[in-house]
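This briefing is an introduction to the structure shown below.

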Amino acid sequence: STYLLTTTGRKTGQKRTTPVILVETDAERWLVSPYGMVAWVYNVRAQPEVTLRHGRKAEMLRAEEVGPEIAGPILWRYVRNVRVTAPFFDATRDDPIENFVEEAPRHPVFKLTAGSGS
């Protein structure tokens, strides 16, 4: 399902909201940038405290960027679950995870954890 991600603009300091789809595995949640280096990625890198809203529920979270070895399996799962974004990846849903590890630097992945005020 779709969430609303609110970040703090790295230049303006203003709140910016973007719809996102998470990857959820067991007790972990992952924020994926299927479209590459977009504005919200730069904002999260500059200020990792974000707000995630789903319906009426809002959570303050911390987004920690992960390296390619961790990101690869998450991207593999993302492409399988969110097929509309597949054209933005060189790796296809039937490719091995190693192809997604190679592609990970072009599609940042962030692990979401409880932040202040949660």
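Contact here means heavy atoms within 4.5 Å. With that in mind, helix α2 lies across strands β2, β3 and β6, and runs at about 90° to β2. The model is a predicted one. Six of its strands close into a barrel.

**The barrel**

- The strand order around the barrel is β1-β2-β3-β6-β5-β4, and the pairing is antiparallel.
- On average, neighbouring strands of this sheet are turned by 45° against each other, with direction ignored.

**Helices against the strands**

- Helix α1, which covers residues 39-46, lies across β1 (2-8), β2 (15-25), β3, β4 (49-54), β5 (57-65) and β6.
- The angle between α1 and β1 is about 55°.
- Helix α2 also lies across several strands, namely β2, β3 and β6.

**Strand β3 and its partners**

- Strand β3 spans residues 28-32 and pairs with β6, residues 109-114, in the antiparallel sense over four bridges.
- On the other pairing described here, β2 and β3 run antiparallel and are joined by four bridges.
- Arginine 29 of β3 is the bridge partner of glutamate 24, and arginine 29 also has leucine 112 in β6 as a bridge partner.
- Tryptophan 30 has lysine 111 in β6 as its bridge partner.
- Is β3 enclosed or open, and why? Four of its five residues are buried, so β3 is largely enclosed by the rest of the structure.

**The turn between β2 and β3**

- The hairpin of β2 and β3 has two residues between the strands.
- Aspartate 26 is found in this loop between β2 and β3.
- The phi angle of aspartate 26 is near 50°, which is a positive value in a residue other than glycine.
- Aspartate 26 counts as exposed because its relative accessible area is 89%, and the cut-off for exposed is over 50%.

**Methionine 37**

- Methionine 37 lies in the loop between β3 and α1.
- Its relative accessible area is 35%, so methionine 37 is partly exposed.
- Beyond its neighbours within four places in sequence, methionine 37 is in contact with Tyr42, Arg45, Pro105, Arg106 and Pro108.
- Methionine 37 and histidine 107 are 70 residues apart in sequence, while their C-alpha atoms are 7.0 Å apart in space.

**The loop between α2 and α3**

- Valine 84 is found in the loop that runs between α2 (68-81) and α3 (97-103).
- Is valine 84 buried or exposed? Valine 84 is exposed, because its relative accessible area is 65%.
- Val84 forms a nonpolar patch on the surface together with Tyr35 and Phe88.
- The accessible area of this patch, taking Tyr35, Val84 and Phe88 together, is about 350 Å².
- Threonine 92 is found in the loop between α2 and α3 as well.
- Threonine 92 counts as partly exposed, because its relative accessibility is 42%.
- Threonine 92 and valine 79 are 13 residues apart along the chain, and their C-alpha atoms are separated by 7.5 Å.

Note on methods. Residues are numbered from 1 along each chain as its sequence is written. This is a predicted model: local features need pLDDT of at least 70, side-chain atom pairs count only at pLDDT 80 or more; totals for chains, interfaces and linings use all residues. Side-chain values use heavy atoms; hydrogens and water are left out. Patches are made of residues with over 30% relative accessible area and no salt bridge: like charges are joined within 9 Å, nonpolar side chains (Val, Leu, Ile, Met, Phe, Trp, Tyr) within 5 Å. Accessible areas come from the Shrake-Rupley method with a 1.4 Å probe; for residues, only the protein chains shown count as cover. A salt bridge is a side-chain nitrogen of Lys or Arg within 4 Å of a carboxyl oxygen of Asp or Glu. Buried means under 20% relative accessible area, exposed over 50%, partly exposed in between (1.4 Å probe, protein chains only). Two strands pair if DSSP finds at least two bridges between them. Axes are lines fitted to C-alpha atoms, for helices over the stretch in contact, and angles run from 0 to 180 degrees between N-to-C directions.
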